[in-house]
Amino acid sequence: MAKSEERQIENNYDSSEIPTYMGLHGDGLIRAITCTATIGFLLFGYDQGVMSGIISAEQFAETFPSVKEETWLERGLSVESARSQSSVIQATYTSIYELGCLAGAAMGLVVGDYLGRRKMIFLGALVMVIGTVIQVTAFRGYEAAAQFCVGRVVTGIGNGMNTATIPTWQAETSKSHNRGLLVCIEASMIATGTVIAYWIDFGLSFVHGDMGDVSWRFPIALQVIFAFGLWGGVWFLPESPRWLLARGFEEEGTRVVAALASVPIHSEEAQTQKRVILDSLKAMSKIKARRRDVFTSGKTQHFRRTLLGAGSQLFQQIGGCNAVIYFSPVIYQHTLGLKRTLSLILGGVNVTVYAIAAFGSYALIERMGRRNMFLMGSLGQALSMFLIMGCLIPGTANAAQGGVVGMFFFLIFFGCTWLELPWLYPAEVNPLRIRTNANAISTMTNWLWNFAVVQWTPPMLTAWNWGTFLFFGVINACFIPIIWYFYPETAGRSLEEIDIIFALGYTEGKSYVSVSRQMPKLSTAEVEAEGHRLGLSGVGALDVEKGHNDSGSDIPEGTARENVAAGAKQ
């Protein structure tokens, strides 16, 4: 619903009849939800970036000496072995956080549907605070390394719970015409959080002596401020209307639907939107939703859609983004041969450009659509990696410095495309029946491969040098044909309309990509009618899960059916 339409609807009703949360409804309420979601991803980005500036700092090494190359030299290792050992330890201190995130995302798979979106987010922020306290109270001589790693894992668990839940909460409370923009704003905060963490790390890197511990304890502790902000938001804002209706809270679910649409609870607009959601839930009243439903096919194409969402998260990680974000100072200093201070400054400028590029996604997401942004980002990232590779092959200092340009270009392309899209696409493409479980699988995929890439990058750089960037360049190039042939466009579609695309493609034996391109936009009433025709609700819902529907012929053909069929055959 556009702003002008919302304003016109408001004029038709007494504003006192419209339900509110925090005194807000309509676009104002959606903005408040977006602000809270952005705090959650700001926290995510901050915690993800905070280690990049301190992992190789002398002050950090005073408490955790195993991260220093000199420590291993003193133990009798050769220079090459000492460098390899210290790089593995640095990678482990950084990447073990991703294992916690993987466990947190798995918790979303187990209890996410039971607790709901708000409780999961609240609990995730609480767990992150506990993990932060464990990290900053680690002291040398008191099993500091073990305690710090435990704290990293606990913090990761909380973040995994949040990242598996927040995009779903955001998508389920947004409107189809701006859902992509709102999730992009949310995801772009990852880059902003990383920038904040990096420059705080850089500023405190000049603190030495008795106060040296502050240079790493304070940046890690600061993230609790974002956690408190997240608590405050989810405490007062509404639960997802789709989750409420799915769990039987019809009165509250209708109230949220009305508040988001800026209409009274008993208005036709609110009741129609509620019916569309309830229609997609009728099968659940007869067949209990199971976790293995993500592996079913038929008209709902659950398994395909789960793979599409999880695949986008996999591609984001194996494209090399965190190899650049986490280890840019290390790459500048040890691979490109720059001084440490200059390496830190360039790393800071790098992530700042990355954050600015992320804001560029706001203008692109609805204009270009998801597919074109995926394709543009993949091509740009591949060329950037090949540029870095080419600059490192000669082995000279001057040539290697050209790799800095490649690093900047990579994060520009990544920041405005692949940073945001894997958080948006799974929340859009997965249907309500499996959305929580499928999104949790997508997020688990992200953290599993995040861990793998961060863990293998330092040893890979040591062993392969420029071959590392050749590897990532080829991987990025491979994304292009996969996106082109298998990823349908979701921009401008309601979440229920996307269900129609997959059902229509399956029924007519067409490519889902071509159906998404040819099918006209549907109104709420048309989605409702087409869902009945295709057996996506009511009596046909049970047959859909089995992969067929015998009731469609009993449903009269109408305008919706004719419009969709005509569009899909063009």
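This is a predicted model: local features need pLDDT of at least 70, side-chain atom pairs count only at pLDDT 80 or more; totals for chains, interfaces and linings use all residues.
1. Two or more lining residues come from each of α3 (58–63), α4 (69–74), α5 (79–115), α16 (321–335) and α22 (435–464), and α5 gives the most, with 5 residues. Sorted by class, the lining has 7 nonpolar, 9 polar and 7 charged residues.

2. The structure holds 37 aromatic pairs. One of them joins Phe-374 and Trp-418, whose ring centres are 4.6 Å apart and whose planes meet at 50°, so the pair counts as tilted. This pair links distant parts of the chain, since Phe-374 belongs to helix α18 (residues 361–392) while Trp-418 sits in the loop between α20 (403–416) and α21 (421–429), 44 residues apart. Phe-374 is buried, at 0% relative accessibility, and Trp-418 is likewise buried, at 0%.

3. In another pair, the rings of Trp-456 and Phe-471 have centres 6.3 Å apart and planes at 80°, so this pair is edge-to-face. Trp-456 lies in helix α22 and Phe-471 in helix α23 (residues 466–486), 15 residues apart. Trp-456 is partly exposed, with a relative accessible area of 27%, and Phe-471 is also partly exposed, at 28%.

4. Ring pairs also link Phe-315, Phe-374, Trp-418, Tyr-425, Phe-479 and Tyr-487 into a cluster.

5. Two arginines deserve a look beside these rings: Arg-217 lies over the face of Phe-139, at 4.1 Å from the ring centre, and the charged end of Arg-371 sits over the ring of Trp-484, 5.3 Å from its centre.

Note on methods
Residues are numbered from 1 along each chain as its sequence is written. Side-chain values use heavy atoms; hydrogens and water are left out. Helices (H or I, at least four residues) and strands (E, at least two) are DSSP runs, numbered from the N terminus. Ala, Val, Leu, Ile, Met, Phe, Trp, Tyr, Cys and Pro count as nonpolar, Asp, Glu, Lys and Arg as charged, and the others, Gly among them, as polar. Rings of Phe, Tyr and Trp (its six-membered ring) pair if their centres lie within 6.5 Å; planes under 30 degrees apart count as stacked, over 60 as edge-to-face and the rest as tilted. Buried means under 20% relative accessible area, exposed over 50%, partly exposed in between (1.4 Å probe, protein chains only). A charge sits over a ring if NZ of Lys or CZ of Arg is within 6 Å of the ring centre and within 35 degrees of the ring normal.
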